[in-house]
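Trainee: I have a structure open and would like to go through it with you. Can we start with what counts as a contact?
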Amino acid sequence: MTKVLVTGGCGFIGTNLLKYILENKPDWKVVNLDLLTYAGNLENTIGLEDAYPGRYSFIRADIADPAGVNEVFRAHKFDLVMNLAAESHVDRSIEDAGIFIRTNVLGVQVLLDAAIRNKVKRFLHVSTDEVYGSLGSQGSFREDLPLAPNSPYSASKAAADLLVRAYIKTYGLDAVITRCSNNYGPYQFPEKLIPLMVVNAYHDKELPVYGDGKNVRDWIYVEDHCRGIVLVAEKGKCGEIYNMGGDAEKENIEIVRSILAYLKKGEELIRYVKDRPGHDFRYAMDFSKIQAALDWSPRVDFTSGIKNTIDWYLENTPWWNRILSGDYQDYYERMYGQR
Ligand code: NAD
Ligand code: TYD
């Protein structure tokens with residue numbers, strides 16, 4: 001059995017990754033370490049212990065707590081660590097950067113130290129395309145571009161990438177980094193563009209579009225990303241960075257219109273609101289490196305991915321109703337009330 005630690009397994013990508021691993025890697029035994037912040041939902045992983053006896057367990061811990069992390073590493077002797085735990089929402093990082101630095105930078109340093117001390121065989125760090133900054137209307141991000149983050153979130157992720165690099169060079173850690181574009185799919189917290197628009201449209205509530213809605217993101221179905229993460233963990237070369245993308249660049253307004261059309265709601269629900277400060281104009285990925293080296297390409301096209309995603313939200317209204325009835329209301333009022 002390969003002993004694997006997944007951090008952040010109760011978040012959006014982490015939940016999908018756990019399910020992908022348990023389904024597809026029968027000789028992997030996984031520990032999910034998650035602090036259960038506002039974005040972490042233990043409900044997502046209910047039933048996994050029983051469905052995969054002896055292969056799945058959960059530990060509530062903070063990646064930025066050295067004592068707690070070391071205890072877990074000492075007890076489990078992981079072969080592989082996959083770090084997904086993070087504060088992940090750009091708008092929240094603009095409100096308050098502190099927790100982003102604590103989790104996304106300090107937390108990564110704590111995990112890296114524990115990995116060295118406990119002789120972890122491989123460390124996979126999940127990063128983001130946002131570390132490259134913003135593109136104009138042409139071109140795409142390659143792995144050898146300089147880092148140019150524009151938000152506290154992306155700056156914290158870039159800092160973590162540099163720490164991973166330093167631990168490879170200084171301590172000989174075997175580590176790899178993945179950088180991926182915007183994910184969408186089941187279990188995404190409804191503060192992010194796609195689920196927020198689905199949930200608002202469902203309630204005939206206004207859809208807040210930042211600026212003129214012409215900012216462009218590349219969208220990847222979360223399962224394609226998870227497959228890539230596992231592939232890089234297994235076959236990626238130490239010290240390398242691998243970009244992943246969905247080959248689906250869309251203007252935000254296009255996404256919003258397609259959600260409204262699918263839900264048969266009128267475009268009068270769209271409301272253009274004040275732009276996000278430092279709003280990156282465009283992200284696009286050149287993923288030819290992982291294509292050539294590991295034979296990875298995205299498999300889910302946007303049309304079927306978005307349909308699956310919207311259907312999932314329609315079929316799982318209790319899941320997001322429970323989220324919407326909690327602290328999320330205060331956040332929504334702070335973020336959109338006066339905008
Ligand atoms: P998410 O916000 O949905 O989930 C983050 C998870 O981390 C939550 O379960 C939360 O409880 C946990 N967490 C937060 N702080 C923690 C701490 N101190 N200790 C332990 N656990 C903690 O995020 P996501 O969208 O699933 O993103 C996962 C990773 O993928 C992040 O590193 C993010 O930067 C990266 N990423 C995300 C996207 C995307 O489009 N969502 C794209 C590229 C990369
Ligand atoms: P988001 O899902 O927050 O991801 P990221 O900022 O990491 O790319 O936002 C995706 C895009 O949608 C981004 O250009 C900002 C925009 N957006 C809106 O127009 N309205 C919203 O309410 C949100 C949350 C995002």
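Mentor: Contact here means heavy atoms within 4.5 Å. Keep in mind that this is a predicted model.

Trainee: OK. Of the contacts between residues at least 6 apart in sequence, what share join residues at least 24 apart?
Mentor: That share is 84% in this protein.

Trainee: How many helices and strands are there?
Mentor: The protein has 13 helices and twelve strands. Its radius of gyration is 19 Å, close to the 20 Å from the globule rule for 339 residues, so the protein is as compact as a globular protein of that length.

Trainee: And the box around the C-alpha atoms, what are its dimensions?
Mentor: Roughly 55 × 45 × 35 Å, along the principal axes.

Trainee: What percentage of the residues is buried?
Mentor: Buried residues account for 58% of the 339. The largest nonpolar core holds 108 residues. Val6, Leu17, Phe73, Met82 and Ile229 have the most contacts inside that core.

Trainee: Take Met82. What is it in contact with, leaving out neighbours within four places in sequence?
Mentor: Its partners include Val4, Leu5, Val6 and Thr7, and also Leu17, Ile21 and Trp28. Further along the sequence, Leu124, Ile229, Val230 and Ala233 are among them.

Trainee: Where does Ala85 sit?
Mentor: Ala85 is in the loop between strand E4 (80–83) and helix H4 (90–95).

Trainee: Buried or exposed?
Mentor: Ala85 counts as buried because its relative accessibility is 15%, and the cut-off for buried is under 20%. Apart from neighbours within four places in sequence, Ala85 is in contact with Thr7, Gly8, Ile63 and Thr103.

Trainee: How far is Ala85 from Leu36?
Mentor: Their C-alpha atoms are separated by 9.9 Å, and the two residues are 49 apart along the chain.

Trainee: Switching to Asp224. Which helix is that in?
Mentor: Asp224 lies in H8, residues 222–235. Asp224 is buried, with a relative accessible area of 3%.

Trainee: What does Asp224 touch?
Mentor: Not counting residues up to four places away in sequence, Asp224 touches Trp296, Pro298, Arg299 and Val300.

Trainee: Last one: at what angle do H7 and H9 cross?
Mentor: Roughly 35°, and the axes of H7 (residues 193–202) and H9 (residues 252–262) come within 10 Å. The crossing is right-handed.

Trainee: Which residues make the contact?
Mentor: On H7 they are Leu193, Ile194, Met197, Val198 and Ala201. H9 contributes Asn252, Ile255, Val256, Ile259 and Leu260.

Trainee: How many of those are nonpolar, polar or charged?
Mentor: Nine are nonpolar, one is polar and none is charged.

Terms used: Residues numbered from 1 in each chain as written. Chains lettered and ligands numbered in written order. Predicted model: local features only at pLDDT ≥ 70, side-chain atom pairs only at ≥ 80, totals over all residues. Heavy atoms only, no water. Core = buried A, V, L, I, M, F, W, Y, C linked by side-chain atoms within 4.5 Å. Buried < 20%, exposed > 50% of the residue type's maximum accessible area, 1.4 Å probe, protein only. Axes fitted to C-alpha atoms, helices over the stretch in contact; angles between N-to-C directions. Helix = DSSP H or I, 4+ residues; strand = E, 2+ residues; numbered from the N terminus. Left-handed = near helix turned anticlockwise from the far one by under 90°. Nonpolar A, V, L, I, M, F, W, Y, C, P; charged D, E, K, R; others polar. Rg over C-alpha atoms; globule rule 2.2 N^0.38 Å.
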